Amino acid sequence: MAEVDHLAAERATARFDVEEMKVAWAGSRHAVHVADRMARLVASDPVFRKDNRTMLSRKELFKDTLRKAAHAWKRIVELRLTEEEADLLRQYVDQPGYVDLHWGMFVPAIKGQGTEEQQHKWLPLAYKFQIIGCYAQTELGHGSNVQGLETTATFDPKTDEFVIHSPTLTSSKWWPGGLGKASTHAVVYARLITEGKDYGIHGFIVQLRSLEDHSPLPGVTLGDIGGKFGSGAYNSMDNGVLRFDHVRIPRDQMLMRLSQVTREGKYVHSNVPKQLLYGTMVYVRQSIVADASKALSRAVCIAVRYSAVRKQFGSQDGGPETQVLNYKTQQSRLFPLLASAYAFRFVGDWLNWLYTDVTQKLEAKDFSTLQEAHACTAGLKAVTTSVTADAIEECRKLCGGHGYLNSSGLPELFAVYVPACTYEGDNVVLLLQVARILMKTVSQLASGKQPVGTMAYMGKVQYLMQCKSAVSSAEDWLNPDAIQEAFEARALRMAVNCAQNISQAASQEEGFYERSPDLLEAAVAHIQLIIVTKFIEKVHQEIPGHGVKEQLQALCNVYALYILHKHLGDFLATGCITPRQGALANEQLGKLYAQVRPNAVALVDAFNYTDHYLGSVLGRYDGDVYPALYEEAWKDPLNETVVPEGYHEYLRPLIKQQQLKLSRL
Ligand SMILES: CCCCCCCCCCCCCCCCCCCCCCCCC/C=C/C(=O)SCCNC(=O)CCNC(=O)[C@H](O)C(C)(C)COP(=O)(O)OP(=O)(O)OC[C@H]1O[C@@H](n2cnc3c(N)ncnc32)[C@H](O)[C@@H]1OP(=O)(O)O
Ligand SMILES: Cc1cc2nc3c(=O)[nH]c(=O)nc-3n(C[C@H](O)[C@H](O)[C@H](O)COP(=O)(O)OP(=O)(O)OC[C@H]3O[C@@H](n4cnc5c(N)ncnc54)[C@H](O)[C@@H]3O)c2cc1C
């Protein structure tokens, strides 16, 4: 707890129990407790310091990442941390590194696509870090189009081996995290060729480096692909390039849970959907949605606290100036982002539940929910990461000039976050996947097939195509049924419009191609409906704690009405609401902002972030921003000497030369 709390007055105006809101945010009292312990463990350990990160060279930063990962692992073993604790520890260390790909993709790929025997062989090695793995799918020439990958794995029945080869420059693996310098192994995605036939993309476990001296194995060429956007940020990760020159691996290193190649070279596909090959991506996409709320809430926490501290204009007769948080424009930019952080948190929890449910069904050979899992993970990943990336940049602007300083934490947060819009599936490509599923669902409505899961609302097509909103006052927009109906009608009508337009094209494919910008918008509308629905459902639950439910209700309404206001064109064009009802929604939004204002600082306190994790002089818990900014400046390497390096070489001669010229005049 801070000695002087410059935000005390703000905290005193909160109309709810912050400790209980922490529970609502974290999911349970236990979760608050564990997160608290792990955050403090990291914050108090000098190895995990990160305040100097943006000043390290790439080499220093990478070595720092190796050191942190090794130290984290040592602490995990020493303290016998559970998986939940270790995961949180990794979050609070807050530095992308090979460990993420090892645990986040290499291990899940083996679990999801390996046979029991393969899991038995490889997982214990991976769990104890006796091998380090990465996920080598993307190539120089193809990322989004997985079916277009060129690396080959050709079965040689003479030796019972696969020959892994990179036939072209564009087939070089390019981007895999952890590949550049750290990994000893990779799950490599390659075209399986046996008996002269190409069976498409399959996964193979390939050793890349010696377990003795880390040198690349014969036939393997690999390295780092170079510096990336921003200082610090994702440059701690060794995204890599990899080429194979006829590298041989035993047949049993093909991941064989979904399909097999026999000793004789026969290809056998198990009776399961081939899309299960994409299972690791689905898993990571759902975890990226949970991460979005973390990144967004960090940025919002910084911007809210700083906006409460920062004062500009408005002083009369020597009185205090206005806190920038009191400006309505600041509120209308910031509070929707605060509401979005909560919205993403709850939809992330729900998605995690859905993923677990689908996984259990798959274990029981029930594949009926695979499409739902794909649509929800792809769509929510796309919408939450795009909004979060834009929101971090908006928070930087909300902090004025100081937001542009590295010490605000926002530039690095943006730089580290923004690739989430691209990795694990480019957001546009993923939204088009959602759109395809929407079009398929619309086309099946005519046959009477009832849509299920998050598409179930489409079954109310007769009603939703012609319903008219009953809202007649601003307060009417506080009714969740009014919101739900407007969002359902908008999403359905946009999808049906697209389907009608596509049906007029020469072919389905051509229509889809021509209408893809509209399809993107229809997909976004569908995903926003899911987020709104899950927030409304959350607020309907019993939520303990004085005032907590009321605050969440207000934030839910802010989220929904902000989206409605922002996408008013959609709602009007589809005739779901009238211009007057749109104006009433905006009126209600303004009232809600006033309701959020006295609670704003407490609502970001409920994220329960340590100053270490926030990494921002502007977002400090105690609000003592100015001395921290001032002090931080002096730590810059440029300030190590009063007279800068280069003065004698470049500045002095220049000044002297000009002085000489002037004296000659
Ligand atoms: C310093 C550190 C210190 C810390 C120390 C700690 C110590 C250790 C602690 C340990 C503790 C544990 C820690 C845990 C850590 C976890 C971390 C997790 C985070 C991970 C970090 C993430 C980093 C990100 C890295 C990035 C990785 C990547 O980017 S990998 C590459 C991703 N690539 C893509 O996403 C490609 C996108 N493209 C595609 O997905 C597909 O090609 C396509 C979907 C776009 C098209 O495919 P295709 O052409 O085959 O298909 P069609 O369009 O024709 O569709 C056919 C039908 O298939 C259906 N379908 C498509 N996809 C799927 C699917 N996935 N599932 C189901 N169905 C699918 C589609 O709907 C069609 O169906 P119909 O035929 O129409 O019915
Ligand atoms: C930081 C980072 C880490 C990564 N880590 C890994 C990793 O560990 N392992 C791994 O295998 N890969 C990794 N990747 C690669 C990543 O998965 C791909 O970059 C991503 O899937 C996008 O593919 P692409 O680069 O081919 O983009 P492209 O598909 O070339 O995209 C270029 C543009 O084309 C558009 N576009 C593409 N296809 C279509 C379409 N059908 N319709 C309309 N528009 C389209 C896109 O919207 C985009 O605007 C990583 C990438 C980054 C940035």
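Visitor: Which of the 40 residues around ligand 1 come nearest?

Guide: Keep in mind that we're looking at a predicted model. Ligand 1 has 40 residues around it. The ones that come nearest are A72, G104, Q275, Y278 and G425.

Visitor: How many residues of the shell around ligand 1 are charged?

Guide: Let's sort the shell by type. There are 18 nonpolar residues and 16 polar ones. That leaves the charged group, which numbers six.

Visitor: Is α8 mostly buried or exposed?

Guide: To count as buried, a residue needs 20 or more other C-beta atoms within 10 Å of its own. In α8, 28 of the 31 residues pass, so the helix is mostly buried.

Visitor: Is D160 buried, exposed or partly exposed?

Guide: D160 sits in the loop between β2 and β3, and it has a positive phi of about 60° without being a glycine. Most residues other than glycine have a negative phi. Buried takes 20 or more neighbours and exposed 12 or fewer. D160 has 14 C-beta neighbours inside 10 Å, so it's partly exposed.

Visitor: And A233, buried or exposed?

Guide: A233 also has a positive phi, near 45°, and lies in the loop between β7 and β8. Because 23 other C-beta atoms lie within 10 Å, A233 is buried.

Methods. Residues are numbered from 1 along each chain as its sequence is written. Chains are lettered from A and ligands numbered from 1 in the order in which they are written. This is a predicted model: local features need pLDDT of at least 70, side-chain atom pairs count only at pLDDT 80 or more; totals for chains, interfaces and linings use all residues. A residue is near a molecule or strand if its C-beta atom, placed from the backbone, lies within 6 Å of it. Ala, Val, Leu, Ile, Met, Phe, Trp, Tyr, Cys and Pro count as nonpolar, Asp, Glu, Lys and Arg as charged, and the others, Gly among them, as polar. Helices (H or I, at least four residues) and strands (E, at least two) are DSSP runs, numbered from the N terminus.
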